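User: I would like to go through the aromatic rings of this model with you, one question at a time.

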Amino acid sequence: MMSFVTVNGIQLYYEIRGKGKPLLLIMGITAPCSVWEKHVSYWEKEYRCIIFDNRGVGLSDKPEGPYTTAQMADDSAALLDALKIPNAAVVGVSMGGAIALQMAIRHPEKVSAMVAMCPWASCDRKGEAIFRHITHIKAHLRPEQFAHFMQLLIFDKPTFDNDAEYEGLLEGQKGAALEAIQQPLHGLEAQAEACISHNVVDQLPQIQSPSLVIGGKQDMFVPEWMVREVAEGIPDSELHLYDNAGHAFHWEKLDDFNPRVLNWLKANY
């Protein structure tokens with residue numbers, strides 16, 4: 001099913017897939033919830049997956065920014081409230097990982113278990129520079145060129161070296177130009193500000209929910225030290241780092257990633 005709900009003063013677009021215990025999936029910067037497809041198509045066999053467009057992208061409202069990850073965590077919590085779901089396992093990727101951390105800090109009773117994919121607890125100067133550069137690229141290049149830049153940020157060498165995978169990247173660039181709903185510049189800028197201002201280093205020890213932190217060792221976007229900072233800050237968290245994988249390790253290592261998360265959820269949720 002697909003629908004809209006008004007939460008936290010805005011309309012959010014969401015879909016529910018599958019049956020079972022609820023699993024809330026929080027997407028990263030620039031991306032609509034459809035980008036979860038390779039994962040939700042697997043996890044929906046065991047869980048009721050709730051996917052949604054964050055504020056600023058897709059079919060959800062795109063108010064003027066800046067946004068904060070705390071505000072977007074409140075959006076996520078309010079979505080569960082609107083759906084009359086008292087708590088759920090939460091999986092967040094990149095900006096969604098940062099939002100998941102805020103959700104576990106601000107709404108602990110709602111987060112039964114958390115999988116934080118390529119998250120960060122704080123943004124350094126280089127991270128801030130990358131987020132700002134993403135907005136500059138968006139402002140000056142065509143959608144397919146913007147998609148190309150994002151691919152350079154998130155995929156590691158093996159993806160570019162593999163003929164079939166590389167062909168997929170080229171197709172993705174072409175598809176970006178044809179997207180019916182393009183993220184407006186102000187929506188991306190507002191999300192980028194949320195990513196830059198995110199700082200939960202001091203609050204990580206408060207997180208009580210079982211937590212799995214996952215990253216890619218070759219991630220240029222959210223480097224290994226950022227992921228380790230999160231894992232080391234959360235009591236009793238588990239850390240998994242993929243070799244030869246970048247920010248998009250969840251696609252590059254799909255055959256390992258999907259069952260790994262599923263098995264961890266079964267053991268901890």
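User: How many aromatic pairs does a search of the whole structure find?

Analyst: This is a predicted model, in which local features need pLDDT of at least 70, side-chain atom pairs count only at pLDDT 80 or more, and totals for chains, interfaces and linings use all residues. Residues are numbered from 1 along each chain as its sequence is written, and side-chain values use heavy atoms, with hydrogens and water left out. Rings of Phe, Tyr and Trp (its six-membered ring) pair if their centres lie within 6.5 Å, and planes under 30 degrees apart count as stacked, over 60 as edge-to-face and the rest as tilted. By that rule, the number of aromatic pairs found in the whole structure is ten.

User: Which kind of pair do Trp-120 and Phe-131 form, stacked, edge-to-face or tilted?

Analyst: The ring centres of Trp-120 and Phe-131 are 5.5 Å apart, with 40 degrees between the planes.

User: Are Trp-120 and Phe-131 buried or exposed?

Analyst: Buried means under 20% relative accessible area, exposed over 50%, and partly exposed in between (1.4 Å probe, protein chains only). On this scale, Trp-120 and Phe-131 are both buried.

User: Over the ring of which residue does the charged end of Lys-138 sit?

Analyst: A charge sits over a ring if NZ of Lys or CZ of Arg is within 6 Å of the ring centre and within 35 degrees of the ring normal. The charged end of Lys-138 lies 5.4 Å from the centre of the ring in question, which belongs to Phe-146.

User: What is the relative accessibility of Phe-160, which pairs with Tyr-166?

Analyst: Phe-160 and Tyr-166 form a tilted pair, 6.3 Å centre to centre with 45 degrees between the planes. Tyr-166 is partly exposed, with a relative accessible area of 36%. Phe-160 also counts as partly exposed, at a relative accessibility of 27%.
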